[in-house]
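Work through the exercises below with the model open. Try each task before reading its solution.

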Amino acid sequence: MATGPAGAAPAAGGGLAAAAVLSPTVAAACALALHWTLPSRQSPVPTRLYPILLEGLLAVSIVVAVVHWAWPRLRPWARHHAPLMAGGIVALVIWDLVTLKLALMPLPYFPGPDMVFQGMWDDRGMLFESAYHSLILLFTGYFAGVAAGLVSGILIGWFRNVRYWGMPVMKVVGPIPATAYIPLVMALFSNAFVSGSALIAMAVWFPMTMLTASGIANVPVSYLDVGGTLGAGRRYLIFRVAIPAAMPSIFLGLFMGLGASFLTLIAAETVGVKAGLGWYLKWQQGYVEYAKVYAALIIMAAFFSGLMTLLFAVRDRVLGWQKGVIRW
């Protein structure tokens, strides 16, 4: 049995490859047939957005099949992504069946995809504005936490006296969840945006500091000895030797901090702010608009996944020798 590298689609013969490439088309056609033929038990009000989405997926799947047939260079790409696309369509079919068609999950807590996508379209303006405010708040807190974590991590990792006093502080303060500081930041900062940014910065600061300090402290002594022998001063050794050598650990801190910032963002937006995806989610939940709650969750998933993908692309660019070690 043929195998490939990690993250790649398994090798397949001509017949299996053709079936894999055509699987999204078959799945989309079956999804449309089931949606139009089965009666709707959960909600009698028909919507057009979900069928339009399925029709769009059907068109895209046909394009993928044509690309596979017409452009040999793109065949590996089509063979790898077609089964994933088919799996996503099957997930939509299951969602449609257990909610809208069979009503196995009751309203209003489990709306079908038709209601969710309709709610997303109806509130598209507010959702766009909320995503924009969330992005500004997230970036402000994230970059502030990264900057603070880099400075404190370099100081703790390089200077023995700073590490002696700093590590006990890190062990006491760092493990406390950032959301536990909500009463403190609300008392310190009257502005809701500043308090939310401070919470996110605190969530990012701890993993960034610990992993940066670990990377700096574990730079091979031979690197520093060679630099010192050639006449390099302390500043050169820190910025030209220690920090570049610690970049894998620093990027690990960036990833962990980004994940922590996502969690803290939702909590920060439920306290005082008047815009943002977390605020929108809580607001719609209060009105029992669960279709719009799920719409916000879908946007959050795309939003956060896109940022994580962007950070992985930066990591692969900066650390080319580590490209593919951890895939996203």
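**Exercise 1: the nonpolar patch**

Task: find which helices each supply at least two residues of the nonpolar patch.

Solution. Helices are DSSP runs of H or I, at least four residues, numbered from the N terminus. The model is predicted: local features need pLDDT of at least 70, side-chain atom pairs pLDDT 80 or more, while totals for chains, interfaces and linings use all residues. Residues are numbered from 1 along each chain as its sequence is written, and side-chain values use heavy atoms, without hydrogens or water.

Next, list the members. Tyr132, Ile136, Leu184, Leu188, Phe189, Phe193 and Val194 form the patch on the surface, with about 630 Å² of accessible area together (Shrake-Rupley, 1.4 Å probe). Nonpolar side chains are joined within 5 Å.

Finally, check one member. Val194 lies in helix H8.

**Exercise 2: the buried side of H12**

Task: state which residues of helix H12 (residues 277-286) are buried, and what covers them.

Solution. Leu277, Gly278, Tyr280, Leu281 and Gln284 are buried. They sit on the same side of H12, because they cover an arc of only 160 degrees around the axis (directions from axis to C-beta atoms). Their cover includes helix H5 (124-158), helix H11 (247-269) and helix H13 (290-318), with contact meaning heavy atoms within 4.5 Å. Just after H12, Val288 takes a positive phi of about 55 degrees.

Definitions and conventions
Buried means under 20% relative accessible area, exposed over 50%, partly exposed in between (1.4 Å probe, protein chains only). Patches are made of residues with over 30% relative accessible area and no salt bridge: like charges are joined within 9 Å, nonpolar side chains (Val, Leu, Ile, Met, Phe, Trp, Tyr) within 5 Å. A salt bridge is a side-chain nitrogen of Lys or Arg within 4 Å of a carboxyl oxygen of Asp or Glu.
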